[in-house]
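Student: I would like to take a close look at one single part of this model. Could you go through it slowly with me?

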Amino acid sequence: MIVNESGSLTETGIVVLTVLAFPVAALTVPVLAVLRRVLGVAWPRAWRHSLAEVAIVYGTVPGLLLTMVPGSEAGLVSGAVSLEPFTDMPTMGRIGIIGNLILLAALGFFAPIRFRGLRSVWRVLGLALAVSVSIEVLQYALVLDRVSSVDDVILNAGGATAAAIVSWPWWRRRRPRPGVSDQRRGDLVEAGSA
């Protein structure tokens, strides 16, 4: 069942739509890259930015939608709040822990590649914390019959931060090679930061 009785998407529906959207996402990358090239952006940067943007959206939005699927008593009972760290993790199970770790992993991996202002593990951590806290607050405010837990925030932010560390070779600042002229060094810095 893709839509439940109340008209909202189910977990199965979100997974099906995510699978069906993959060809669209895959075709969007070269289209964006070609458009950027037409606008004068160099090929490597056009491809890198296009891939990163599509991967952030495709890798993050379905997970965010899954976090907003209402529980069986949504609207009738307010969700639970758990503010004590590491108390919910034992009850989450392997799938719950892995799901929380990968929820913001695409954002953590690709955001520093695409956005120069996020080229720091600490900035990615801050962004992931902000997004994760927002999810938990929304779950509670929308009375979705879900548990708003600090453990979810810890796992979401940890997964995004680990992904940023893994992607570090693609966004780190590179030092110019010895013997490179000042003009060439300026060109390299400008090309690498754009």
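Student: Is Glu53 buried, partly exposed or exposed, and which salt bridges does Glu53 form?

Tutor: This is a predicted model, in which local features need pLDDT of at least 70 and side-chain atom pairs count only at pLDDT 80 or more, while totals for chains, interfaces and linings use all residues. Residues are numbered from 1 along each chain as its sequence is written, and side-chain values use heavy atoms, with hydrogens and water left out. Glu53 is partly exposed, because its relative accessible area is 21% (buried means under 20%, exposed over 50%, and partly exposed in between, with a 1.4 Å probe and protein chains only). In general, side chains of opposite charge can pair when their charged atoms come close. A salt bridge is counted when a side-chain nitrogen of Lys or Arg lies within 4 Å of a carboxyl oxygen of Asp or Glu, and by this rule the count comes to 2. One of them joins Glu53 to Arg36, with the closest N and O atoms 2.6 Å apart. Glu53 lies in helix α2 and Arg36 in helix α1, so this pair ties together parts that are 17 residues apart in sequence (helices are DSSP runs of H or I with at least four residues, numbered from the N terminus). Arg36 itself counts as buried, at 16% relative accessibility. Glu53 also forms a salt bridge with Arg114, where the closest N and O atoms are again 2.6 Å apart. That pair links distant parts of the chain, since Arg114 is in helix α4 (residues 105-114), 61 residues from Glu53 in helix α2. Arg114 is buried, with a relative accessible area of 18%. Through shared partners, the salt bridges join Arg36, Glu53 and Arg114 into one network.

Methods. Helices (H or I, at least four residues) and strands (E, at least two) are DSSP runs, numbered from the N terminus.
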